[in-house]
Amino acid sequence: MFLNSLCDEKFPLGSEGPTFSLPLPLIRSYYGGNWASFSFSGLLSWLKEYQENSDIVNDSPVWQDHILENEEAIALSRKDKTIQHVEVFCYASQDLHEDVEEAGALQKNHALVTSTNSTEAAASACLPTEDESLSTVSCEMLIEQTPSSDSESAQEVNGAEVTGEKENHCDDKTCVPSASTEEMSENVPIAEDTTEQPKKNRITYSQIIKEGRRFNIDLVSKLLYSRGLLIDLLIKSNVSRYAEFKNITRILAFRDGRVEQVPCSRADVFNSKRLSMVEKRMLMKFLTFCMEYEKYPDEYKGYEEITFYEYLKTQKLTPNLQYIVLHSIAMTSHTASSTIDGLKATKNFLRCLGRYGNTPFLFPLYGQGELPQCFCRMCAVFGGIYCLRHSVQCLVVDKESRKCKAIIDQFGQRIISKHFLVEDSYFSENTCSRVQYRQISRAVLITDRSVLKTDSDQQISILTVPAEEPGTFAVRVIELCSSTMTCMKGTYLVHLTCTSSKTAREDLEPVVQKLFIPYTEVEIENEQVEKPRILWALYFNMRDSSDISRSCYNDLPPNVYVCSGPDCGLGNDNAVKQAETLFQEICPNEDFCPPPPNPEHIVLDGDGLQPEASESNAIPEANSETLKESRNLGNLGNPEEPSE
């Protein structure tokens, strides 16, 4: 869907050169596909949709009656198999109560929405297990039973007694206590006994349900490089006006069983107390070389065939510096990257420093799922139409020309178009019989504190935990605070991602156990606990179709274009490149994602203005880059030039 919204801007449905994008294989009520973001109750409803998806039986197709003699059909899949091995764990205190509802939730239409409240969605979050199936969806709920809970009610997932804890309300950028909260704090006497303080800070499952709208949980976890292709596209297309961003505040490393902060800028390097003066000079000398490594081919000539890790050993760097460069700057592993790839990754990291802050990364407020919606808005400006809760049954192919001419929807309606952009998950097993997919292991945690405590509790962090066993992959950890508008006050939202070697839980649970502990009542009383406590956890595997060639699909018509879902990379360059490539195939020699016209410059039929006048007033693309950056991403402050 992210790629579809990028590619649909030039010729939306109904124009002279229509393009029909197939957004999702089943009836969905949200944008973005696997790029989407959900509130907490929305995520539970999403889990229920996949439970129902696994129960779908392929009935006899009703679209066959709509196929003519000179046509044939390519049936589309009714099951979305991109998500597998779903497992949910709840560790937060469960004072169960049936009437807990999401605060601020609107009354829902029972005829259109599968789940009518958070309680029903939560109850359905435990999914059935189907062994020996590629689309297996399993679930296990671990519930910490309180002394007042009976054994029968403890088996439920949802509902908890609403505690009397203070409730904070957030505006668009900062969290401030509500008036009622302030009055409560004035009228309620403060207990002097310090032993009661941990109970005041206790977060229950009912609170998470009630504050579910404070959460924006992404299915895919990524960051934006400040000089990456997506930032350039957001500025060029003026889509950045629909979103706000925050700078990642720190980059962390995990060594010898503890988490520590990695220096990024020149000032951070020389202020670091973990590096000796000799190490500081060695590190700055090597990073300076990486910024212009192409000018010195003799420095890496002969090392192209070895890994970047082996190359670092030849550069007289200490083991401490090798670890920092490999895992926290190049963000690769011992075996994943060649020397050239490692040097490119290091240069890309360094060139992104200083543009909007001391780290190279940006994160959109309200989550990565905001970006597909931003491009959907831009697509609508150019006349694009989006149909939610509307599924497609098959592609109609003309036997003579072998081109796709139409689609047939769930109502048997035929929609005609010239081009068809289809997401990979839409194809049936017959079409994808020769495709070999990779998988992404994902985990989403709600925790009660940061992995590295500092004076500020509003830190946005990225941490890479290297692989320890052969055949496994490094795990990327992104920790988000409440100021990113992705979680409620007093909690953190943690995303873990790696390339799959097993199920998501098997891949990621060892890292989770190193960094976190389950939330239990006993540990609440222990103030000496150093690790963050897990309140709620979700594991799942997601399909990675980013490297699949079109030739791998069986018998695709030439005017059917395939886009992939999210890849496992940290940035979004792959999605932008793929979208631009598909756009140029459909609309050769056209500008990719141009900025919308100024309303004052739009020429309507019958106006006396000449087209040249409108073109002369168009926004320049290359000559005022700094001006556009400060205007479109102005909430981050004026971009700075990277320090030497």
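**View 1. Leu229, Leu230 and Leu233 of helix H7 meet Asp573, Val576 and Lys577 of helix H16.** In all these views, helices (H or I, at least four residues) and strands (E, at least two) are DSSP runs, numbered from the N terminus, and contact means heavy atoms within 4.5 Å. Sorted by class, the contact of H7 with H16 holds four nonpolar, no polar and two charged residues (Ala, Val, Leu, Ile, Met, Phe, Trp, Tyr, Cys and Pro count as nonpolar, Asp, Glu, Lys and Arg as charged, and the others, Gly among them, as polar). H7 covers residues 229-237 and H16 covers residues 573-586; their axes come within 8 Å and cross at roughly 55°. That angle makes H7 oblique to H16. Axes here are lines fitted to C-alpha atoms, for helices over the stretch in contact, and angles run from 0 to 180 degrees between N-to-C directions. Angles under 35 degrees count as roughly parallel, over 145 as roughly antiparallel, 65 to 115 as roughly perpendicular and the rest as oblique.

A note on what you are looking at: this is a predicted model, in which local features need pLDDT of at least 70 and side-chain atom pairs count only at pLDDT 80 or more, while totals for chains, interfaces and linings use all residues. Residues are numbered from 1 along each chain as its sequence is written, and side-chain values use heavy atoms, with hydrogens and water left out.

View 2. Of its 644 residues, 52% count as buried (buried means under 20% relative accessible area, exposed over 50%, partly exposed in between, with a 1.4 Å probe and protein chains only). Take the contacts in the chain with a separation of 6 or more: 75% of them join residues 24 or more positions apart. The mean pLDDT is 77, and 70% of the residues reach 70 or more (pLDDT is the predictor's confidence in each residue, from 0 to 100). Over residues 8-17 the pLDDT is below 50, and this stretch has 30 contacts in the model beyond near neighbours in sequence. Residues 608-632 also stay under 50, with 23 contacts beyond four places in sequence.

**View 3. Helix H9 (residues 277-291) crosses helix H12 (residues 339-351) at roughly 100°, with axes that come within 8 Å.** Look for Leu287, Phe289, Cys290 and Met291 on the H9 side, and for Leu343, Thr346, Lys347, Leu350 and Arg351 on the H12 side. The residues of this contact divide into six nonpolar, one polar and two charged.

**View 4. Helix H11 is mostly covered, with ten of its eleven residues buried.** Among them are Leu321, Tyr323, Ile324, Val325 and Leu326. What do the buried residues of H11 pack against? Their partners are strand S10 (250-255), strand S11 (258-262), H9, helix H10 (308-313), H12 and strand S18 (461-465). Just after H11, methionine 331 takes a positive phi of about 55°.

**View 5. Serine 333 sits in the loop between helix H11 (319-329) and H12.** Is serine 333 buried or exposed? With a relative accessible area of 14%, serine 333 is buried. Its side chain reaches the backbone nitrogen of alanine 336 at 3.3 Å. Leaving aside neighbours within four places in sequence, serine 333 is in contact with Leu326, His327 and Ala474.

View 6. Phi of aspartate 256 is near 55°, a positive value in a residue other than glycine. Aspartate 256 lies in the loop between S10 and S11, and is exposed, with a relative accessible area of 70%. Phi of cysteine 593 is near 50°, again positive in a residue other than glycine. Cysteine 593 belongs to the loop between H16 and helix H17 (611-616), and at 1% relative accessibility counts as buried.

**View 7. Phenylalanine 420 and valine 562 are 142 residues apart in sequence, yet 8.6 Å apart in space, C-alpha to C-alpha.** Phenylalanine 420 is found in strand S16 (residues 419-423) and is buried, with a relative accessible area of 0%. A second pair to find is isoleucine 231 and leucine 362, which are 131 residues apart in sequence and 9.2 Å apart in space, C-alpha to C-alpha. Isoleucine 231 lies in helix H7 and, at 0% relative accessibility, counts as buried.

Conventions:
Polar contact = N/O pair within 3.5 Å; in protein donor to acceptor, adjacent residues only side chain to side chain.
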